[in-house]
Number of protein chains: 4
Amino acid sequence: MSQTTERRVRQAAIELFATRGFHGTGIRDLAEAAGLSSATLYHYMGTKEDLLVSIMRGSLERLITAAQRVTSDASDPLDRISRLVALHVFTHASQQLETRVVDGEIRALSDARRPEIISLRDAYEALWQSAIDDGCTRGQLRPSSRRVARLALLEMCSGISRWYSPDGPFTLDDLARRYVEMALGLLGAADPLPELKLEPVQEVVAVVWGD
Amino acid sequence: MSQTTERRVRQAAIELFATRGFHGTGIRDLAEAAGLSSATLYHYMGTKEDLLVSIMRGSLERLITAAQRVTSDASDPLDRISRLVALHVFTHASQQLETRVVDGEIRALSDARRPEIISLRDAYEALWQSAIDDGCTRGQLRPSSRRVARLALLEMCSGISRWYSPDGPFTLDDLARRYVEMALGLLGAADPLPELKLEPVQEVVAVVWGD
Amino acid sequence: MSQTTERRVRQAAIELFATRGFHGTGIRDLAEAAGLSSATLYHYMGTKEDLLVSIMRGSLERLITAAQRVTSDASDPLDRISRLVALHVFTHASQQLETRVVDGEIRALSDARRPEIISLRDAYEALWQSAIDDGCTRGQLRPSSRRVARLALLEMCSGISRWYSPDGPFTLDDLARRYVEMALGLLGAADPLPELKLEPVQEVVAVVWGD
Amino acid sequence: MSQTTERRVRQAAIELFATRGFHGTGIRDLAEAAGLSSATLYHYMGTKEDLLVSIMRGSLERLITAAQRVTSDASDPLDRISRLVALHVFTHASQQLETRVVDGEIRALSDARRPEIISLRDAYEALWQSAIDDGCTRGQLRPSSRRVARLALLEMCSGISRWYSPDGPFTLDDLARRYVEMALGLLGAADPLPELKLEPVQEVVAVVWGD
DNA sequence: CATGAATGAGCCTTCATTCAT
DNA sequence: GATGAATGAAGGCTCATTCAT
């Protein structure tokens with residue numbers, strides 16, 4: 001099974017699912033975008049839904065792995081939050097299409113396949129909640145509601161994949177720093193922003209997403 | 001043309017487009033949800049896309065009207081921002097399905113119909129940008145980037161329609177106040193939050209969305 | 001739902017399923033034979049399998065009803081057997097295509113639908129077995145095995161639908177008499193064939209299959 | 001070309017064609033049942049239809065050969081009939097799947113290939129007709145119609161392949177004797193059944209089907 | 001020998017839409 | 001108003017077959 005062809009299929013699916021939605025993407029669109037006949041497509045995937053699930057699972061598993069690594073050596077809650085935000089910004093900008101699929105097409109999953117993906121997403125969001133909770137416990141954060149804060153923060157950060165363009169005026173580092181700043185403001189951080197080191201996050205990103 | 005039937009069709013469309021997406025909703029689903037035959041449906045709508053456009057236009061026009069009214073008698077940028085956030089929260093929570101359609105199904109529009117909706121959305125967002133810009137000019141806000149701040153803020157606020165449940169622990173007023181607080185933090189408001197009066201916003205909402 | 005069109009669909013299905021088999025018949029063949037587009041077909045049927053099941057069920061239910069009526073007023077086992085054979089011959093010749101479908105396409109049914117049809121078929125065959133058993137008990141029949149006799153007899157009689165042609169040299173009455181004769185020989189009937197009256201069978205056939 | 005692999009393919013085809021029908025059997029099913037890839041399958045067969053034809057031809061040729069041998073040294077028509085019935089029973093029970101394919105899938109043949117198989121089948125049935133006719137001429141049989149008798153008799157005997165199970169209560173010898181008995185009854189044999197010797201039939205079967 | 005890769009044609013079914021009644 | 005009937009186009013997927021390796 002030619003690995004490059006499989007990648008082409010996957011990449012085509014990510015692009016089309018992201019821009020037209022799962023239900024808005026036909027098998028024939030997919031085949032054309034991948035440069036194959038629609039019959040050949042089925043050498044590289046199971047059903048259309050299998051392909052969607054595989055994209056989502058892969059994306060979320062990488063994200064969870066990266067989030068765990070990036071926070072494992074950070075004891076300070078503010079530091080953990082900052083790293084999570086930076087990681088999220090990096091991935092939602094540079095893997096813009098993939099993350100849009102993950103965030104936006106969960107409803108297209110059948111009842112049989114949805115739970116798996118939902119639980120991966122929940123596992124990821126639990127890492128954020130835990131960091132926020134710790135920050136509150138230590139008095140470093142003062143959000144009006146911990147849960148609402150998590151939801152608002154995640155929506156704010158995920159939104160990047162919906163508008164980011166590599167042609168824009170900001171580097172990813174720029175963007176990450178700005179989002180960390182906004183995040184801490186949003187969370188009612190008591191102290192001014194400490195100096196943010198992006199290197200640890202960049203390293204993890206390089207390892208997890210690099211080939 | 002019975003108005004209640006037309007509303008039933010509209011309501012069914014809002015519910016289905018919001019939960020399954022435009023492409024995931026069939027004409028037969030729509031007809032069944034509205035209690036009509038699929039042929040009868042066409043007495044109350046043009047094409048499926050016409051129905052989508054009409055929902056989006058109606059929603060955005062009401063939103064723009066409300067935003068203009070709510071900010072027309074507020075000269076202080078912080079006040080305008082706060083009112084916009086409160087209004088946005090009110091509508092994205094209480095008109096959750098409708099706003100989800102507006103925010104999420106723009107990509108389903110044909111090239112011919114998209115510009116109209118996009119320009120309505122842009123008009124609405126321009127009111128936010130203007131308030132943010134004014135706040136910066138007056139030195140009341142210090143976001144790292146005015147444009148990024150608008151995008152981040154709007155994503156944060158719109159996210160409510162994706163998770164809000166009326167069974168949750170917060171009243172709409174609660175939620176609005178919390179979001180205003182987070183918004184000002186996100187924007188780097190220099191001064192502490194002044195007392196927020198929700199009455200003007202509530203009045204406008206009652207007028208614009210009341211029947 | 002135009003009843004004549006529905007009948008045309010049914011008739012087309014019977015003809016095609018009988019001559020090409022269920023799996024050898026395409027939806028497009030069906031549509032063409034019924035004079036419809038393949039989409040319109042679906043106004044008059046559920047799935048292709050639904051159509052098959054409905055044909056089989058209808059055919060078997062009529063057969064069971066007729067068999068019960070034809071034997072209800074015959075106490076003599078030989079008489080019952082003779083009537084069953086005559087009825088079977090009548091239907092398998094005049095409803096040749098339909099019975100061929102019932103007898104030959106059971107294997108095409110999915111596991112979910114097969115049991116219903118199988119139990120109808122079993123109910124019908126039980127009427128035969130009971131008549132044979134009674135004949136043996138009374139000493140009128142001497143087959144070497146009751147069960148094998150039933151199987152052999154039914155196969156012999158059902159075979160008619162596979163070769164009968166209305167252009168052949170025999171009338172249905174002729175054929176029925178000959179088969180009754182062969183059946184009693186096959187079953188080892190002790191006494192010579194009593195005079196066979198076909199009228200009761202013909203009446204039942206007229207009622208059950210007449211419109 | 002490994003002969004055992006070829007046999008595996010053939011055996012898989014016989015099993016699947018018999019249980020699902022020719023049109024109900026896919027090339028992939030065939031490949032899987034034979035433990036090959038679908039491409040490799042084509043080293044051992046021509047087209048799917050070639051495989052069907054080859055199975056049918058082989059089966060019918062063996063049957064004709066055996067029928068000729070078994071009747072060649074029997075001058076008495078009743079003896080010939082009895083031997084033909086016994087042979088038919090033996091083969092339709094022990095080669096149940098193969099004979100089911102021969103009897104049931106002729107309609108799946110294309111117009112180009114059907115005549116060959118039909119003429120083989122006709123040659124075989126002619127042997128039966130000839131024996132029946134001779135029996136009638138000599139006054140040993142009194143069927144009401146010679147042709148109908150042949151058709152009824154063959155259907156009765158062929159039916160065995162549709163219900164026989166080696167787990168059943170009868171040995172093949174048993175079954176053969178019972179069928180001969182029923183056959184003579186069906187044909188209106190004037191005299192009681194003479195002693196039936198199965199040995200000549202068994203010998204021919206051993207030679208023709210033995211490996 | 002064996003098979004991954006490939007495909008045009010076809011599978012059954014549903015799509016959004018129209019129209020005569 | 002309302003709907004049965006109708007359809008061309010398209011939906012996702014599988015078909016039997018070929019061929020380079």
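Student: In this predicted model, what relates chain A to chain B, and how large are the rotation and the shift along its axis?

Tutor: Chain A is superposed on chain B by a rotation of 180° with 0.0 Å of shift along its axis, and the RMSD is 0.1 Å. The two copies are therefore related as by a two-fold rotation axis.

Student: What makes you say that chain A and chain B meet through the same surface?

Tutor: Of the interface residues of chain A, 100% are also interface residues in chain B, and the copies therefore meet through the same surface. In the contact itself, 30 residues of chain A are set against 30 residues of chain B.

Student: How much area do chain A and chain B bury between them, and what share of it is on carbon and sulfur atoms?

Tutor: About 2500 Å² is buried between chain A and chain B, with 59% of it on carbon and sulfur atoms. The size of an interface is often given in this way, as the accessible area lost when the parts come together.

Student: Why is the pair Arg107(A) and Glu105(B) called a salt bridge?

Tutor: The side chains of Arg107(A) and Glu105(B) meet at 2.7 Å, N to O, and the cut-off between an Arg or Lys side-chain nitrogen and a carboxyl oxygen of Asp or Glu is 4 Å, so the pair qualifies. The count between chain A and chain B is four salt bridges, and the interface also has six residue pairs in polar contact, both residues being at pLDDT 80 or more.

Student: Which elements of chain A give two or more residues to the side that touches chain B?

Tutor: They are helix H1 (3-20), helix H8 (146-158), helix H9 (160-163) and helix H10 (172-186) of chain A. By residue class, the side of chain A that touches chain B divides into 13 nonpolar, eight polar and nine charged residues.

Student: How do you know that chain B and chain C are not in contact?

Tutor: No contact joins chain B and chain C, and their closest C-alpha atoms lie 13 Å apart. Chain B and chain D do not touch either, with their nearest C-alpha atoms 32 Å apart.

Student: Within chain A, what are the domains, and how far apart are their centres?

Tutor: Chain A is divided into domain 1 (1-45) and domain 2 (47-209), and 27 Å separate the centres of these two domains of chain A, taken over C-alpha atoms. Their contact takes 15 residues from domain 1 and 13 residues from domain 2. The area buried between the two domains of chain A is about 1400 Å², of which carbon and sulfur atoms give 73%. Arg10(A), Ile14(A) and Phe22(A) supply 43% of the area that domain 1 buries against domain 2, more than any other three residues.

Student: How many salt bridges and how many residue pairs in polar contact does the interface of domain 1 and domain 2 of chain A have?

Tutor: Between domain 1 and domain 2 of chain A there are zero salt bridges, but there are four residue pairs in polar contact, both at pLDDT 80 or more. On the side of domain 1 that touches domain 2, H1 and helix H2 (27-34) of chain A each give two or more residues, and H1(A) gives the most, with eight residues.

Student: Why is the pair Asp79(B) and Arg83(B) also called a salt bridge?

Tutor: The side chains of Asp79(B) and Arg83(B) meet at 3.7 Å, N to O, and this is within 4 Å, so the pair qualifies. Both residues lie in helix H5 (residues 77-94) of chain B, four residues apart, about one turn of the helix. Over all chains, the structure holds 48 salt bridges.

Conventions
Residues numbered from 1 in each chain as written. Chains lettered and ligands numbered in written order. Predicted model: local features only at pLDDT ≥ 70, side-chain atom pairs only at ≥ 80, totals over all residues. Heavy atoms only, no water. Contact = heavy atoms within 4.5 Å. Buried area = accessible area lost by both parts, 1.4 Å probe. Polar contact = N/O pair within 3.5 Å; in protein donor to acceptor, adjacent residues only side chain to side chain. Nonpolar A, V, L, I, M, F, W, Y, C, P; charged D, E, K, R; others polar. Domains from an automatic or database assignment. Least-squares fit on C-alpha atoms with pLDDT ≥ 70 in both.
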